[in-house]
Amino acid sequence: MTMQEKGNISIHTENIFPIIKKFLYSDHEIFLRELVSNAVDASQKIKRLAAIGEYAGELGELKVKVAFDKEAKTITISDAGLGMTADEIKKYINQIAFSGATEFVEKYKDKGDEKAIIGHFGLGFYSAFMVAERVDIISQSYQENTQPVKWTCDGSTEFEITEATREGRGTDIVLHVAEDSVEFLEEFRIKQVLDKYCKFLPIEIEFQEKVINNPTPIWAKSPSDLTDEDYLKFYEELYPYSEKPLFWIHLNVDYPFNLTGILYFPKVKNELQLSREKIQLYSRQVFITDEVKDVVPEFLMLLHGVIDSPDIPLNVSRSFLQADGNVKKINSYITKKVADKLGELFKADRVGFEEKFDNIGLFVKYGMISDDKFYERAKDYCLFQNVDNKFFTLNEYAEFVQENQTDKDGNVTYLYASDVKGQDGFIQSAKKRGYDVLKLDTVLDNHFINMLESKLVKTNLKRVDADTIEKLIDKGIAVDTILSDSEKETVKKVFEEVINDTTKVVNLEAMPADEMPALITQNEFMRRMSDMSRM
Ligand code: ADP
Ligand code: MG
């Protein structure tokens, strides 16, 4: 049996509308972000029209005002932007997913900076119905010989347009707040949402007679116009009462994607002390999220600051974000910038770099472990400190120990201590032979050592207490010991019975006369295994 039929699936707008309202955004509070950013767009557009001579009237004060009336249960967002005629409302508002912003950018794209316009999905306005049972738009277009109009809609597919009155150019969006959303009729709640999303919008936003935003955040300015003071002040603005950051990187690209931002290196000594402060993600100065997991490489999530990019797709699922080409490019750009900045600091001020390495080291090592490209850049300035607190780069260290610490098979051995106090006996015994011992004692160092061994040629890293020093660096030289062969046998047996642990080895055969007569060690491999199982 064959059956074949082709056709179109039909969509009833009445059915799709509630779905858009409910599921477009998971967070109801973002209705305010959407409406305020539309008002900002409208203000930017009239500025643009004036600049290119398409609008000859007075621009006046271009503030966006947010007001609420608890009795009347309304929230009103007003702007002095370009406004809309009845026809434009029908075109831009009644057609879901038709963006007037995109159309505007298309139309004027040769005439300057289209980056200034926020909207482009043509869906934002409808988020109003997540909290409102009815929405009114009262608008007066900037165009001559047009009348103010009022559009009203209760969230069904029916609307009404009537004549209205309005003083001057611009738009008021009036939300008649639904019973289940009265939380948004509280001053602190509105302030909270504005602070979260609108803090850096490029047009002044006024609420309760106060301007709540900083329209010109420093990340949008040119680095050459900024002083250290400016960067520190902005950090304070982002994270009040935090300790000063160590240094920062100003990100600024416009090809092959748009991205600006400032990343600060905070003071952190170890991963466990990870701060609550997070990198904030913006798109055209509108706050989007502080979950930057897919945009910023994981090892850089320890940094603070802001990233602003209109090229990061918003309102899409995580898996899509991970697969997005721009996001991947942004990721590697940020990695490269951070790596380069660290390299510059190292070159410009080695002593300062060494002083900060306690803090920086965590990023650098984490980055080298997790990202091959970062490893390639950072291997030239990643520092190693020995137990005498002297710093070396990887190359410097290789040279430093080359002569003394090459064993009879031609392999170089780096000795390290994971606990300088606890392993002091072993450290002293290594030093006595002219060997150097590194200090690798942070939470990350186990992984760091494994990674280094996989990268370095003919080089082993051995913990200073992993065996007798003669076995760690075997130069084939016999050492006199204090005990006779039969004494060794007896002592070894006694120790082994007491320890009763087959992963540990009792060494008597190669202890020099002036040192401890017996050494109990655990083979490097066995130790790493048991360390792993404890993690
Ligand atoms: P988008 O902002 O992504 O274009 P929206 O659904 O938020 O989509 O808005 C749809 C369109 O309605 C806008 O592109 C704009 O043309 C128009 N619009 C919305 N709010 C205003 C406003 N306050 N002033 C002028 N036009 C507006
Ligand atoms: Mg919008």
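**View 1. Helix α8 and the elements that cover its buried residues.** In this predicted model, the cover over the buried residues of α8 includes β9 (247–253), β10 (259–265), α9 and α10 (372–378), where two residues are in contact if their C-beta atoms, placed from the backbone, lie within 7 Å. Helices (H or I, at least four residues) and strands (E, at least two) are DSSP runs, numbered from the N terminus. The buried residues of α8 are Ile330, Ile334, Thr335, Val338, Ala339, Leu342 and Phe346; a residue is buried if 20 or more other C-beta atoms lie within 10 Å of its own, exposed if 12 or fewer, and partly exposed in between, with C-beta atoms placed from the backbone. Local features need pLDDT of at least 70, side-chain atom pairs count only at pLDDT 80 or more, and totals for chains, interfaces and linings use all residues. Residues are numbered from 1 along each chain as its sequence is written, while chains are lettered from A and ligands numbered from 1 in the order in which they are written.

**View 2. The packing of α8 against α9.** The axes of α8 (residues 325–348) and α9 (residues 350–370) come within 9 Å and cross at roughly 155 degrees, the axes being lines fitted to C-alpha atoms, for helices over the stretch in contact, with angles running from 0 to 180 degrees between N-to-C directions. The two helices α8 and α9 are therefore roughly antiparallel to each other, a term used for angles over 145 degrees, as against roughly parallel under 35, roughly perpendicular from 65 to 115, and oblique for the rest. On the α8 side Leu342, Leu345 and Phe346 take part, and they meet Arg350, Phe353, Ile360 and Val364 in α9.

**View 3. Met84 and Thr171, two positions from a UniProt record.** The unreviewed UniProt entry lists several residues under "binding site", including Met84 and Thr171; such annotations may be inferred rather than shown by experiment, and their positions are given in the numbering used here, with feature names shortened. Met84 lies in the loop between β2 (74–79) and α3 (86–93), and it counts as buried because it has 25 C-beta neighbours inside 10 Å. Thr171, in strand β6 (residues 170–177), is also buried, with 25 other C-beta atoms within 10 Å. Leaving aside residues up to four places away in sequence, Thr171 touches Met84, with Ala42, Asp79 and Ser139 also among its contacts.

**View 4. The surroundings of Ile473.** Ile473 is found in the loop between α14 (469–472) and α15 (485–499), and with 22 C-beta neighbours inside 10 Å it counts as buried. Apart from residues up to four places away in sequence, Ile473 touches Gln405, Asp407, Thr413 and Tyr435.
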